[in-house]
Amino acid sequence: MGLGAFSNIVQGKTGNPWLAGLGLLAFNSLYLTVIWSAFSPKLRDTRYPVVALGVLTVITFAIALGFGGSWFLFFPLLSLASGTVRALRGRKLALWLITLSGTAGFLSGWHAGDPSDSFGVGYGTFLSGMVTSTVLSLFDTIQELRATRQELARSAVEKERLRFSRDLHDLLGHTMSLVVVKAEAVRRLAPRDLDAALAQAADIEAVGRQALTEIREAVTGYREGSLSTELDRARSALEAAGIEAVVRQAGPPLPPQAGALLGWVVREGVTNAVRHSGATRCEIAVHADEERVRLTITDDGRGPVSSGAAPTAGRTWFRDRDPGRDGDTTGTDSADGAATPPGTPGPVGGTGLKGLTERLAAAGGTLSSGPDGRRGFRVTAELPVGTGEMTETERLTR
């Protein structure tokens, strides 16, 4: 677009060729400065591109009015440079382009005395800036979408890691607690009933093998919990600990996803009851209908640890059973890693119940816990079993 002006200078068709050459050099230098600063990460958000564009505007009006003719074609170039400046995006750019194109068209038609020149220069000036700004805005949007996608991917990975760590925590906590309980049974039975002690030792071996299988399945992402399996394990763990186990189940079969979530509740509840309740009887009841399923775990333990502050709903039961900080159920309460004897309350706090509460809430369910009358504790979990409501549950349990 500047070749016409350059050709007129070389051929001597422009008056004051040296002054015209300096004007052309100044325009090109400022034009490159505006474009470079508009794309520079360090300068594009500063005032530098705007100041350079202002000086370029003055030069453009000066050379166009001073030499006329093909020099008016520098207005579309000025408009194009304006479209690259981020500070002029949006309404500011639209007002600036309307003003610039109208002024350029009027001056071109007035100088040449031809209305057709007025339309061509004005239209070209407006279109150059708008197209440039639109294209660059699309590029910026694409970059933002890419950054958002990467951030969502990182967030998904973090959530999956958190889910996996919670599942592995619950899995190992339950298994190690069961091993400890059965090992204590072996120690008690060995002096007086060798056959019973050997049976408990065989159970320890079976539990260990099953734990290895579950860990492999959890690592590979194929582990699906089963409520019936967890109920059988709960009965075995309670009986090994000398706690009378009563398991009742009524209602239609549950969807696998609902059973998986409730299986985690049974696992966590029974593990803590075995280790810290001091109970002699534990009852697990599952009642399901066409819409919802309700699970309750009740024991006759010694009751909550008294404190001056009122217990927070849903945390009392775990506070009195939590064997370690942050919901640790691995049975190493002391600093040296020694197992805490059953019936010893753990420190206040824990994330086991909190994690289960969050998972059930995401599936539309609830989980609450607290003292059951004067003695004992109760944990209650409710979950919808409708096909439409179990979509989120299915996603959480995969």
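This is a predicted model: local features need pLDDT of at least 70, side-chain atom pairs count only at pLDDT 80 or more; totals for chains, interfaces and linings use all residues.
Colleague: How much space lies in the second largest pocket?
Modeller: About 180 Å³.

Colleague: Which residues are closest to its centre?
Modeller: Leu178, Ala206, Val207, Gln210 and Arg233. They are among the 13 residues that line the second largest pocket.

Colleague: And which elements give two or more residues to that lining?
Modeller: Three helices do: α6 (115-189), α7 (194-220) and α8 (227-240).

Colleague: Where does the largest share of the lining come from?
Modeller: From α7, which gives 6 residues.

Colleague: New topic. Which residues make the nonpolar surface patch of about 680 Å²?
Modeller: Phe119, Tyr123, Leu127, Val131, Val135, Phe139 and Ile142.

Colleague: Take Tyr123. Where is that residue found?
Modeller: In helix α6.

Colleague: Why does tyrosine 123 count as partly exposed?
Modeller: Because its relative accessible area is 49%. Exposed would need over 50%.

Colleague: Now serine 368. Which strand does it lie in?
Modeller: Strand β4, residues 366-371.

Colleague: Why is serine 368 called partly exposed rather than buried?
Modeller: Because its relative accessible area is 39%, and buried means under 20%.

Colleague: How far is serine 368 from threonine 296 in sequence and in space?
Modeller: The two are 72 residues apart in sequence. In space, serine 368 and threonine 296 are 9.7 Å apart, C-alpha to C-alpha.

Technical notes: Residues are numbered from 1 along each chain as its sequence is written. Side-chain values use heavy atoms; hydrogens and water are left out. On a 1 Å grid over the protein atoms alone, a cavity is a set of points where a 1.4 Å probe fits but cannot get out, and a pocket is an open set with protein on both sides within 12 Å along at least five of seven lines; lining residues have an atom within 4 Å of a point. Grid points are joined across faces, edges and corners, and a volume is the space filled by probe spheres set on the points. Helices (H or I, at least four residues) and strands (E, at least two) are DSSP runs, numbered from the N terminus. Patches are made of residues with over 30% relative accessible area and no salt bridge: like charges are joined within 9 Å, nonpolar side chains (Val, Leu, Ile, Met, Phe, Trp, Tyr) within 5 Å. Accessible areas come from the Shrake-Rupley method with a 1.4 Å probe; for residues, only the protein chains shown count as cover. A salt bridge is a side-chain nitrogen of Lys or Arg within 4 Å of a carboxyl oxygen of Asp or Glu. Buried means under 20% relative accessible area, exposed over 50%, partly exposed in between (1.4 Å probe, protein chains only).
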